[in-house]
Amino acid sequence: MTKRVHRPREDAEFNFILGMSEVPVLAYFTGTWPKAIEPCRMMDLVVGGIADDYTGRLTAVRADITRCPAATERYGITGAPSYVLLKEGETVAHGTGPMTIAEVPKFLDGHL
């Protein structure tokens, strides 16, 4: 995964990254249970590529549901992978399930 994708180890670090970002944040939530592992691994590659393409316009954050339970609850995450696009701290888009590299820009572009 690209170094442009932040991987907080806990809620406090997740909140710090959100607070420091001067651009919109794509937070994507992953899980480690068997049915979530493969879709989440696929999204690591997709979001890594998007983070490269959107350098300077977007901060990407990969949050593990079990490590960031408060963020998971705050954004209403019920499955993995799930996505929340935040602009100035407010949710502007929300999605669930695997997306292709072509689908993510459609999810983002209307909001950036």
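Reader: Is arginine 9 buried or exposed?
Author: In this predicted model, arginine 9 counts as exposed because its relative accessibility is 58%, and the cut-off for that class is over 50%.

Reader: And which residue does arginine 9 form a salt bridge with?
Author: The partner is glutamate 13, with the closest N and O atoms 3.6 Å apart. Glutamate 13 is itself partly exposed, at a relative accessible area of 22%.

Reader: How many salt bridges are there in total?
Author: The count comes to 4. Another one of them joins the side chains of glutamate 38 and arginine 41, at 3.2 Å from N to O; these two lie 3 residues apart in helix α2, so about one helical turn separates them.

Reader: What about arginine 62, which residue does it pair with?
Author: Arginine 62 forms a salt bridge with aspartate 44, where the closest N and O atoms are 2.7 Å apart. That pair links distant parts of the chain, since arginine 62 sits in strand β3 and aspartate 44 in helix α2, 18 residues away, and both residues are buried.

Reader: Switching to aromatics, how many pairs are there?
Author: There are 4 aromatic pairs. One of them, between phenylalanine 29 and tyrosine 75, is tilted, with 6.4 Å centre to centre and 50° between the planes. Phenylalanine 29 belongs to strand β2, whereas tyrosine 75 lies in the loop between α3 and β4, 46 residues apart.

Technical notes. Residues numbered from 1 in each chain as written. Predicted model: local features only at pLDDT ≥ 70, side-chain atom pairs only at ≥ 80, totals over all residues. Heavy atoms only, no water. Phe/Tyr/Trp six-rings, centres within 6.5 Å; stacked < 30°, edge-to-face > 60°. Helix = DSSP H or I, 4+ residues; strand = E, 2+ residues; numbered from the N terminus. Buried < 20%, exposed > 50% of the residue type's maximum accessible area, 1.4 Å probe, protein only.
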